[in-house]
2 protein chains.
Amino acid sequence: FSSQLNIGSRNRGSGDSVESFGSWGFEDSRFVLNTLPNGSNVVIMKGGRYSISGKPLTKLVGFIEKELNMKIDPNSESFQGVDFSLPDGKLTAEDTVRILTAIDDDTSRLSTVAEDRARHGTGHTQDDIYSLRSGSFRTRLPDAVVWPRSVSEVQALASLATTYNWCIIPFGGGTNVTHSTHCPSSTVDPRLMVSVDMKLMKNVLWVNEEDGLAHVEAGITGRDLIERMRRLGFTIGHEPDSYEFSTLGGWIATKASGMKQNKYGNIEDIVKEVTVVSAKGIMSHKHKANKVSYGRSSAGIEPKALMLGSEGCLGVITSAVIKIWPLAEEISHESVLFPSFDAGLRFVKDLSNQRTLKPASCRLLDNEQFRLGQAMTENSPKMGFYLGNLSEKTVACATITFEGSAAELRFQKKIICELSAAHGGILAGSRVSKSGYDLTFAIAYLRDFAMNYNILGFETFVPWSKLRTVVERTKRTILSEHKSRALPGLPFVCSRITQIYDEGACVYFYFCMAVNFNGALDPRDVFGEIEASARREILNNGGSLSHHHGIGKLRSSFVPEIYSDGYLDSINAVKTALDPVNVFGARNGVFAGKPC
Amino acid sequence: FSSQLNIGSRNRGSGDSVESFGSWGFEDSRFVLNTLPNGSNVVIMKGGRYSISGKPLTKLVGFIEKELNMKIDPNSESFQGVDFSLPDGKLTAEDTVRILTAIDDDTSRLSTVAEDRARHGTGHTQDDIYSLRSGSFRTRLPDAVVWPRSVSEVQALASLATTYNWCIIPFGGGTNVTHSTHCPSSTVDPRLMVSVDMKLMKNVLWVNEEDGLAHVEAGITGRDLIERMRRLGFTIGHEPDSYEFSTLGGWIATKASGMKQNKYGNIEDIVKEVTVVSAKGIMSHKHKANKVSYGRSSAGIEPKALMLGSEGCLGVITSAVIKIWPLAEEISHESVLFPSFDAGLRFVKDLSNQRTLKPASCRLLDNEQFRLGQAMTENSPKMGFYLGNLSEKTVACATITFEGSAAELRFQKKIICELSAAHGGILAGSRVSKSGYDLTFAIAYLRDFAMNYNILGFETFVPWSKLRTVVERTKRTILSEHKSRALPGLPFVCSRITQIYDEGACVYFYFCMAVNFNGALDPRDVFGEIEASARREILNNGGSLSHHHGIGKLRSSFVPEIYSDGYLDSINAVKTALDPVNVFGARNGVFAGKPC
Ligand SMILES: Cc1cc2nc3c(=O)[nH]c(=O)nc-3n(C[C@H](O)[C@H](O)[C@H](O)COP(=O)(O)OP(=O)(O)OC[C@H]3O[C@@H](n4cnc5c(N)ncnc54)[C@H](O)[C@@H]3O)c2cc1C
Ligand SMILES: Cc1cc2nc3c(=O)[nH]c(=O)nc-3n(C[C@H](O)[C@H](O)[C@H](O)COP(=O)(O)OP(=O)(O)OC[C@H]3O[C@@H](n4cnc5c(N)ncnc54)[C@H](O)[C@@H]3O)c2cc1C
């Protein structure tokens, strides 16, 4: 019977936008390493999707080799794919029939294929990618994947889950980096695990241009949503780096943050109302007038307050009313080079005092990340720029995006000029800024470029008063963790400030290092341990558990360190109240419950 | 025994800031009516607190008489106070001892005096003021009032309540206009009702100037908090019209909104973290570093998400970390006159498109409210202004407050000039703006000036696309409700836009009319019915149940019209989970529960 259920790559898109399996991004876009006749190594991104695509990157291999103090072996770089098989899941013939009844008997929307189960039981951590590539899974995978098309189908699935004691784990783009779509182990939860993939629920239900609102189904990807709004002359302004694949529902469940939050806000500002299939029925607002949302209101606790950060554990978000903005009159980019990261920090802190007058986005790259970005530009003299008397060894770079009316931009640019000058900065133009931006998108591809060289990224919010300390100590912790393990070569650690707020900033760390693949050492353990040490250092010094990735399972052991016992008891009680038989049993973050 | 507990007016402040009893505001500031030798009536606000104080307002009585089509009787205006007595409350001698144990045996912090019980079982609706003045209460009053001084005292009270089955109703400034501090009737809840007045918990626990944060106890009044921050060179930017008396805890519990939200945000933006004494213990964040707050975070549902809009039903907020801003470099005022309210509406809608470039506050007064404001200015020729070819009968007025750097203000003023011109507006300078602002503060005093002339105010959020309809139909509804009741004279109805958002605006309606005091007709009924009709009309046409006042008991019958059943079941379940024996049984808003 289950052989009928074979949809495999359906979930990966179609046409020119098929998603890769076992690595980040589109299948048409990945880095390849070519050895030129003269023996030098050139890296090229395939396809034509990004501005970087097709351009020979002659400096990259040299940069990596120097930083990691190792040779790159051109023969070990590419991922061939494993033909992994999985032990059968728990889906019985009866369960299959039941699920099919809920989805209009559409067998093309139910799968037990290994590839689907594997992809839906993972996300996009280094750990996940390693598992998908090696075919060796250390956590349980869902027994079945279902693609509902409507609220009533989701309801039908939830009610089957209640009746037959299944566990549902909502799935959006699967771009989380917190293990939030991992299944609890069979010891913790022996029930049937059903991954409910929301990506077929991607309709725009209505648009109200006058009020600047759109009601959209939650499975829509950022790419799709942005494009559909663009065609109407609008933007949502929300651009997490993962927007090509992540979904509206995932953003809400994880409390995502986009690069342009200065102007457009974070997901909590963008989303006005949510509709949710919960274990207690549909949670939503009622409106008597058409295409209406209440906007700011004081009407008790709203459904949205319960769903932001719910991480799949309180129900399935099926749609949301979001804010849309007319496309900006002008968009432009600028970059500023500073003598040091410290000088750059003083600049962004001063910029934060400008409050609402800040440009849409301002990121600050530390020296290492800036040099990485430069190593990923074409080696043409045109791409050179004026460093003045700044040292390449200490320079830090702010990349800025302006969006707004011509007058607004003029005003903001003036502020940037003045503040840059005040901190010894040199304006370096839009090209450098663009390359910093490209780097953001390329870095995820880069991670998967050479599987021997692992890149891990993690973020934190830090108040201004603790920022320098947190950045310094976190880097130091990573270096010493690396050292104490006698790992090969050197680690590469870099950071950037990605979001600035009145009271502090989000810092994003990357670290990259080589890991020996010998039987004794699973690279997933090494990375997990180092990340946990870094996180502890961050918390000890006044940084947060998460600025935007969420907690999932990866960071849930830290939860007791950030909330009082009374709060944890309370939130556990809330979970039980809203989902008495634990239909949404993903056990993420504050809903991890007590370990069994 | 209970005769020891006699603190009476302690709750009303001291020195020059004693709060009135049975009317809004400070005891030193109230309107009085003087008949001049020539027979004309002059209104004067006593004291020297406001810019309007001490100035003879010669036009006001004439204005009111004309609009209401009635004569004002100078002999019926002032409130003499009733020496009301109350039936004994339920506090037993044992309970008294128990409470005293929790508060360090400080008898000065427990009261059963009629005045205290009455004040703590009311708020500031017209209904409440009528009750306090007439001494005739239609809802149950608390049996005792307690003033805790610390988190542990609040905890001790909550645990007594759990043990001995009492109901606690948190009390801040008692400025609510939703009956949220009324006690449920004895039929609904026969338990001992204890009002926990938070006003002695008013310490600033720490200030972190670098991050722009302050940790403040929740009982502090806005007046006190603003003054304390001002002395350090900071502002909280939060200015609800009630700020002189309302408290930080009350703002959070009701989800308050201030006039300058364009710049400083609403209470949800201002408050970063809360600490709460709940029935399940203390709900709070933990931090390893000193004077730190996490700022934006993605760490599941935070305590704040549960407390915003909790209306006293989930616990006592004991403190909050709030955002503070350096005092603005410049503050200035402007006003713009428009040929009609419609033209003014188009102006504010266009201004809303400026998003973050909007001035700190922009309010739009309709013709009636503008004329009322003018009637409250001194009759000196200097106060005249240039109406141009606008008609006094149709003119509407936008009053604007700018706060920020000199450059920012220049920029914003330019926008205001351009947009005003585009909609036929005439800049009328800061004096008119100031008088609009004064009106806001005076109107609450005005309401209580003549008890025969009742003023009711209520607010709603309306999306731009429904705004005209909602304003027109709400006014029409009030007029027709008045007519159908054959009440004396004419009603005076006016409105203003108080807050503007990207997707809509908050509209505030006032209506004033005379009510006969004859035994058959309780004015509280008349007002209640008319307000309910207006609210129904608002909801039918796309307005919201509340933009900032909250729901309380006054609007709770509408709750099933704005949320789905599934959501109401959910939120009821959340309440039961967080407060299993219903210690915080105020039964407001979404926590009203099913009527017994
Ligand atoms: C390269 C890369 C860049 C990234 N950049 C950013 C960034 O800039 N900003 C940022 O905030 N994050 C970023 N992330 C993290 C990730 O993209 C976000 O957490 C995103 O919000 C996840 O959305 P998703 O649709 O992929 O959710 P999934 O990964 O599918 O699921 C995440 C969680 O949400 C739940 N969920 C998903 N859909 C629903 C639904 N409809 N109803 C209820 N629960 C649901 C799941 O159960 C799970 O707990 C990045 C990740 C990668 C790999
Ligand atoms: C003249 C006037 C002008 C007003 N202007 C505005 C305005 O501009 N904007 C606005 O938003 N509102 C306004 N209001 C309404 C009112 O001031 C607000 O609702 C205010 O937030 C109430 O605060 P409070 O401290 O007076 O609370 P209270 O009236 O004492 O209580 C209100 C609710 O909050 C609960 N509560 C109070 N303190 C706590 C605590 N520490 N912990 C838990 N629960 C608590 C109470 O139980 C009750 O449910 C106005 C009212 C008046 C009379």
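Residues are numbered from 1 along each chain as its sequence is written, and chains are lettered from A and ligands numbered from 1 in the order in which they are written. Because the model is predicted, local features need pLDDT of at least 70 and side-chain atom pairs count only at pLDDT 80 or more, while totals for chains, interfaces and linings use all residues; side-chain values use heavy atoms, with hydrogens and water left out.

Me: How many aromatic pairs are there over all chains?
Reply: Rings of Phe, Tyr and Trp (its six-membered ring) pair if their centres lie within 6.5 Å, and planes under 30 degrees apart count as stacked, over 60 as edge-to-face and the rest as tilted. Counted by this rule over all chains, the aromatic pairs come to 27.

Me: Are the rings of A:Phe511 and A:Phe527 stacked or edge-to-face?
Reply: A pair of aromatic rings is described by the distance of the centres and the angle of the planes. The centres of A:Phe511 and A:Phe527 are 5.2 Å apart and their planes stand at 15°, so the pair is stacked.

Me: Which elements of chain A does the pair of A:Phe511 and A:Phe527 link?
Reply: Helices (H or I, at least four residues) and strands (E, at least two) are DSSP runs, numbered from the N terminus. The two residues are 16 apart, and the pair links distant parts of the chain. A:Phe511 belongs to strand β20 (residues 504-514), and A:Phe527 to helix α16 (residues 523-540).

Me: Is A:Phe527 buried or exposed?
Reply: Buried means under 20% relative accessible area, exposed over 50%, and partly exposed in between (1.4 Å probe, protein chains only). A:Phe511 has 0% relative accessibility and counts as buried. Because its relative accessibility is 3%, A:Phe527 also counts as buried.

Me: What is the angle between the planes of B:Tyr50 and B:Tyr445?
Reply: B:Tyr50 and B:Tyr445 form an edge-to-face aromatic pair, with 5.5 Å centre to centre and 70° between the planes. B:Tyr50 lies in the loop between β2 (41-45) and α1 (60-68) of chain B, whereas B:Tyr445 lies in helix α14 (residues 429-447), 395 residues apart. Both B:Tyr50 and B:Tyr445 are buried, and the angle asked for is 70°.

Me: Which residue has its charged end over the ring of A:Phe26?
Reply: A:Phe26 is part of a cluster in which ring pairs also link A:Trp24 and A:Phe245. A charge sits over a ring if NZ of Lys or CZ of Arg is within 6 Å of the ring centre and within 35 degrees of the ring normal. In chain B, B:Arg49 lies over the face of B:Phe26 at 3.5 Å from the ring centre. Over the ring of A:Phe26, at 3.5 Å from its centre, sits the charged end of A:Arg49.

Me: Which element gives the most residues to the lining of the second largest pocket?
Reply: On a 1 Å grid over the protein atoms alone, a cavity is a set of points where a 1.4 Å probe fits but cannot get out, and a pocket is an open set with protein on both sides within 12 Å along at least five of seven lines; lining residues have an atom within 4 Å of a point. The second largest pocket is lined by 43 residues, among them A:Lys553, A:Ser556, A:Ser557, A:Arg587 and A:Ala592, which lie nearest its centre. The elements that give two or more residues to this lining are α4 (126-134), α16, α17 (559-562) and α18 (565-578) of chain A. With seven residues, the element that gives the most is α16(A).

Me: How many residues of α4(A) are buried?
Reply: The buried residues of α4(A) include A:Gln126, A:Asp127, A:Tyr130 and A:Arg133. The helix α4(A) is followed by A:Gly135, whose phi is positive, near 70°. The helix is largely enclosed by the rest of the structure, because the buried residues of its nine number eight.

Me: Is A:Ala486 buried or exposed?
Reply: A:Ala486 is placed in the loop between α15 (467-484) and β19 (492-500) of chain A. Although A:Ala486 is not a glycine, its phi is positive, about 50°. Its relative accessible area is 69%, so A:Ala486 is exposed.
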